[in-house]
Amino acid sequence: MSILSSRSASSRFVWPEWATLPLVGGGVVILAWIIIGLTIPWWTPYDPTNLAGMRFQPPGAEHWLGTDALGRDVLTRTLYGVRHSFPIAVFVIGCAVVIGCTLGAIAGYVGGWLDSVIMRFVDITLSFPPILLAMAVTASLGPGLGNAAIAMVIVWWPIYARLMRAQVLSVRSREHVEAAVASGASRSRVLIKHILPLCWSPIIVNATMDFGQVVLLAASLSFIGLGAVPPTPEWGQMISEGAIQFYRWWIALGPGLAILSVVLASNFLGDGLRDYLDPRAS
Amino acid sequence: MFAYVTKRLIAMPFLLLGVITVAFLLTHFTAADPLTSIIGERQMNNPEVVEAARQRWGLDRSLPEQYLVYLGNLVTGDFGTSFRTRQPVAQDLILRLPATLELVIAAMMLGTLFGITLGVLAARFRGGVIDNLARLFALIGASAPVFWSGLLVLFVFSVQLGWLPGPGRIDARAVAPPFVTGFFTIDTLLAGDWTGFRSVLLHLLLPASVLGWTVTGIVSRMVRASMLDVLSQEYILAARAKGASPVRVLLHHALRNAMLPTLTIIGFSFAYLITGAVLTETIFAWPGIGSYAVSAARGLDHPAIVGVTIIGGAAFLIANLLTDIAYAVVDPRVKLGAKAGA
C-alpha cells in the first residue's frame with residue numbers, strides 16, 4: 001500500500017508524518033556540524049593555529065569572518081571549534097546518562113535505604129547553581145578541557161538519575177511487570193527486560209536538549225579560563241580573545257553564532273523528538 | 001500542602017549541610033597545592049616558609065579537623081580568609097553581594113517585563129507572525145551565550161552608537177556613592193546625587209537587559225499559555241459582549257488573571273539568573289559575587305571558592321524552595337514531589 005501511495009505522489013514530494021520542521025531543521029544543523037568536524041582538514045585553505053594573513057583584518061573576500069590578533073582566520077578556527085565542542089558534549093552526556101540512569105534505575109527499582117542514599121546525593125548536587133559547581137570542580141582538578149568535562153559530568157548525572165528513577169517507578173507498577181514477576185522472572189531480568197525498555201524516551205529527549213547546554217557550559221568554562229587553553233580553537237576561548245579586543249567585533253562573532261546554532265538546533269531537535277516519541281507530553 | 005511545605009523546610013538545613021560539605025571536600029581533594037597560590041611558586045623551595053604558611057592557614061591539620069574547624073567558623077559567619085585579597089571571605093562577599101543583587105533584580109524586572117509583553121502579544125496573535133517572532137526572540141535569548149551577547153550589545157550600543165555607557169557600575173570619573181545599602185541606585189538617591197543616579201541607571205541597563213533576555217522565554221511561554229487558557233473562558237466573552245474595548249479585555253480582564261501562574265516562575269528565573277550573573281559580570285566588569293567567583297576559580301583561591309559556592313548553593317536552594325511552594329499554592333493540581341529537576 002505504501003508503495004502505491006508513494007508512486008501516486010511521485011510528481012510531488014510528500015513529507016513523511018514524522019518529519020516535522022523542528023526535527024528536520026535541528027537535525028540538519030547538527031548533522032552539518034558533524035560533517036564539518038569530520039572533513040574539515042581536507043577543504044579549508046587556512047590552518048586554525050597558524051598565521052593566515054594580516055592581523056585584525058575585518059571580514060572580506062579573503063577572510064570571510066576576518067582575522068584575529070595573531071592573524072589567524074576566524075572562520076577556519078570557528079569551524080575547527082566543533083572538533084572540541086562535540087566530542088566533549090558526547091562524552092559528558094554519555095557519561096551522565098550511563099551513571100545517572102544506572103543509579104536512578106537502582107534507586108527506583110530496589111528502593112529502601114539505597115534509594116534514600118542515592119537520591120540525597122542527587123538532591124545535594126542539584127542544589128548548586130551548575131556553573132558554580134562546575135567552576136569549583138574544575139578549579140580543584142586544575143584547568144583544562146578534560147577536567148572541565150569531568151566537572152560537567154558531575155553537574156549533569158543527577159538530572160538523569162532523577163528522570164530514570166521517576167520512569168522506573170511509573171513503569172514498575174504496570175501490569176506486564178506484575179505478570180513477569182508472577183511468572184517467576186528474576187529481579188534483574190524484570191528490570192532489564194521488562195522495565196528499562198519502556199523508560200528511554202524522556203531520557204533521549206533530555207539528552208538531545210542537554211547536548212546544546214553542555215556545549216554552552218563548556219564554552220563558558222573556557223571563556224572564564226578554566227577550560228581550553230590557547231591556541232586551541234575552542235569557541236569559548238575564542239570569544240574570550242574577542243572580549244579583549246571587543247571593538248573588533250568579528251573575532252567573537254563566528255564562535256558566538258556557532259554556539260547559538262548548536263544550542264538552538266539541539267533544542268529544536270529535542271522538541272521534535274519529544275513530539276515524535278511521546279505525543280501526549282506536548 | 002502544609003505537610004509538603006514542612007517537609008521541605010525540614011530538609012533545608014540538611015541540604016545546606018550537604019552543600020557545605022561537598023563544597024568543602026571539592027576544594028580539598030585538589031590536584032593543585034593551595035600553598036602555591038598563598039606563598040607563590042618561588043618560595044615553595046623554602047621549607048621554612050612552607051611550614052609557616054602551612055601552620056598559619058591550618059593546612060597542617062587533618063582533613064576532618066579542618067572540616068570541623070571550618071563548620072565551627074561558619075556558624076559564627078566566618079568563611080575564612082581569602083588567599084588572594086587577604087580579606088575575610090565573608091567581608092568580600094558582603095561588599096560584593098549588593099552589586100549582584102542589584103543586577104539580578106534589575107534583570108528580573110526587565111526580563112519579566114519583556115516576557116509579559118511578548119507573552120500577551122503572542123497569545124493575542126496566536127499562530128501568526130508575531131507569535132512566532134516572539135518565540136524566536138525568546139529562544140535566542142535563552143540559547144545565546146551571555147558572554148557573547150553582552151559583547152555584542154556593548155559594541156553596538158556603547159561603541160558604535162554611543163547611546164549607553166560601557167562596562168562598570170558608574171561613570172569612571174564619578175565617585176561611588178557612600179556605602180549605605182551597597183545598591184548604587186539607592187545610595188545615590190540617598191546622597192541626593194541625581195547625575196550619579198542617572199549614570200548608575202544607564203550603566204545598569206545593558207547588563208540587566210542581556211541577563212534578563214535569558215529568562216524572557218521562561219516568562220513569555222508561561223504568560224502565553226495562561227493567557228490562552230484565560231481568554232477561552234466565559235467571563236472574557238461576557239466582558240466583550242458588555243462592550244469593553246479589546247485592549248481593556250486583554251489587559252484588564254485577561255492579563256490580571258493570567259499573572260497568577262506567572263508569579264510562580266519568578267523564583268525559578270531567579271535561580272537561572274544567578275548562573276547567568278557569573279558570566280554577565282565578567283563581561284561588564286561588574287564588581288559582584290559572580291566576577292569574584294571567576295577570579296577566585298582562576299586564582300585557585302580555595303576559601304573564596306568554597307564561600308562563593310556555599311552562598312550560591314544557599315541562594316539556589318531558597319529560590320527553588322520558594323518556586324515550588326508558590327507553584328503549589330497557586331496551582332493545587334500540581335502533584336508535589338513528582339517534579340523532575342532540570
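A pocket here is an open set of grid points with protein on both sides within 12 Å along at least five of seven lines. In this predicted model, the second largest pocket holds about 560 Å³ of space. Chain A and chain B bury about 3700 Å² between them, and the structure contains 4 cavities of 30 Å³ or more.

**Second largest pocket**

- The lining consists of 25 residues, and those closest to the pocket centre are Trp57(B), Gln66(B), Tyr70(B), Gly80(B) and Pro303(B).
- Four elements of chain B each give two or more residues to this lining: α1 (2-28), α3 (47-56), α4 (63-75) and α13 (302-330).
- The largest share comes from α4(B), with 6 residues.
- Sorted by class, the lining of the second largest pocket has 11 nonpolar, 10 polar and 4 charged residues.

**Interface of chain A and chain B**

- Chain A brings 41 residues to the contact, and chain B brings 44 residues.
- Carbon and sulfur atoms give 82% of the area buried between the two chains.
- On the side of chain A, Phe128(A), Ser140(A) and Phe246(A) supply 16% of the area that this chain buries against chain B, more than any other three residues.
- The elements of chain A that give two or more residues to this side are α4 (112-126), α5 (130-141), α6 (145-172), α9 (200-224), α10 (235-244) and α11 (250-277).
- By class, the side of chain A that touches chain B has 32 nonpolar, 7 polar and 2 charged residues.

**Polar pairing across the interface**

- How many salt bridges does the rule find across the interface of chain A and chain B? The number is 0.
- Polar contact between chain A and chain B amounts to 3 residue pairs, with both residues at pLDDT 80 or more.

**Largest cavity**

- The lining of the largest cavity divides by class into 7 nonpolar, 1 polar and 1 charged residues.

Methods: Residues are numbered from 1 along each chain as its sequence is written. Chains are lettered from A and ligands numbered from 1 in the order in which they are written. This is a predicted model: local features need pLDDT of at least 70, side-chain atom pairs count only at pLDDT 80 or more; totals for chains, interfaces and linings use all residues. Side-chain values use heavy atoms; hydrogens and water are left out. Contact means heavy atoms within 4.5 Å. Buried area is the accessible area (1.4 Å probe) that two parts lose on being put together, summed over both. A salt bridge is a side-chain nitrogen of Lys or Arg within 4 Å of a carboxyl oxygen of Asp or Glu. A polar contact is a pair of N or O atoms within 3.5 Å; within protein, one must be able to donate a hydrogen and the other to accept it, and residues adjacent in sequence count only if both atoms are side-chain atoms. Ala, Val, Leu, Ile, Met, Phe, Trp, Tyr, Cys and Pro count as nonpolar, Asp, Glu, Lys and Arg as charged, and the others, Gly among them, as polar. On a 1 Å grid over the protein atoms alone, a cavity is a set of points where a 1.4 Å probe fits but cannot get out, and a pocket is an open set with protein on both sides within 12 Å along at least five of seven lines; lining residues have an atom within 4 Å of a point. Grid points are joined across faces, edges and corners, and a volume is the space filled by probe spheres set on the points.
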